[in-house]
Amino acid sequence: MDLADRAVGFLLSFISLSIFTYYTFWVIILPFVDDDHFVHKYFLPQEYAILIPVSAGVALLCFLSIFVGFVMLKSKKKKA
């Protein structure tokens, strides 16, 4: 395994773990912390905890649908 592949893998793992930890703390632990606590300034409002993943999922489904549509059109043109 190349050193660059390991570095990229480590970086992607670190980013994924950081996002998971941030989101878990934001959604599960933060609602039980007082609203005037200083830790609230590091997090977005709770409405975004649902809005961001839903919009990311909709965007992913749109791009996936467009990709599948282009592939189907391309394969149909090859047959004809």
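Analyst: A patch here is made of residues with over 30% relative accessible area and no salt bridge, with nonpolar side chains joined within 5 Å. Keep in mind that the model is predicted.

The nonpolar patch covers about 590 Å² of surface. Tyr-23, Val-27, Ile-28, Ile-29, Ile-50, Val-54 and Val-58 make it. Two elements each give two or more residues to the patch: helix 1, residues 3-29, and helix 2, residues 48-79. Helix 1 supplies the largest share, with 4 residues.

Take one member, Val-27. Val-27 sits in helix 1. Its relative accessibility is 31%, so Val-27 counts as partly exposed. The patch requires over 30%. Val-27 is one of the residues that make the patch.

Ser-18 is placed in helix 1. Ser-18 and Asp-35 are 17 residues apart in sequence. From C-alpha to C-alpha, Ser-18 and Asp-35 are 24 Å apart in space.

Now turn to the other contributing helix. Lys-74 lies in helix 2. Its relative accessible area is 59%, and exposed means over 50%, so Lys-74 is exposed. Lys-74 and Leu-12 are 62 residues apart in sequence. Their C-alpha atoms are 33 Å apart in space.

Next, the setting of the patch. The protein has 2 helices and 0 strands. Its radius of gyration is 20 Å, whereas a compact globule of 80 residues would have one near 12 Å. Along the principal axes, the C-alpha atoms fill a box of roughly 65 × 40 × 15 Å.

Burial and surface come next. Of the 80 residues, 6% count as buried. The protein exposes about 7400 Å².

To return to the request: the patch is made by seven named residues, from Tyr-23 to Val-58 in the list. Helix 1 and helix 2 each give two or more of them.

Terms used:
Residues are numbered from 1 along each chain as its sequence is written. This is a predicted model: local features need pLDDT of at least 70, side-chain atom pairs count only at pLDDT 80 or more; totals for chains, interfaces and linings use all residues. Side-chain values use heavy atoms; hydrogens and water are left out. The radius of gyration is taken over C-alpha atoms; the globule rule is 2.2 Å times the number of residues to the power 0.38. Buried means under 20% relative accessible area, exposed over 50%, partly exposed in between (1.4 Å probe, protein chains only). Accessible areas come from the Shrake-Rupley method with a 1.4 Å probe; for residues, only the protein chains shown count as cover. Patches are made of residues with over 30% relative accessible area and no salt bridge: like charges are joined within 9 Å, nonpolar side chains (Val, Leu, Ile, Met, Phe, Trp, Tyr) within 5 Å. A salt bridge is a side-chain nitrogen of Lys or Arg within 4 Å of a carboxyl oxygen of Asp or Glu.
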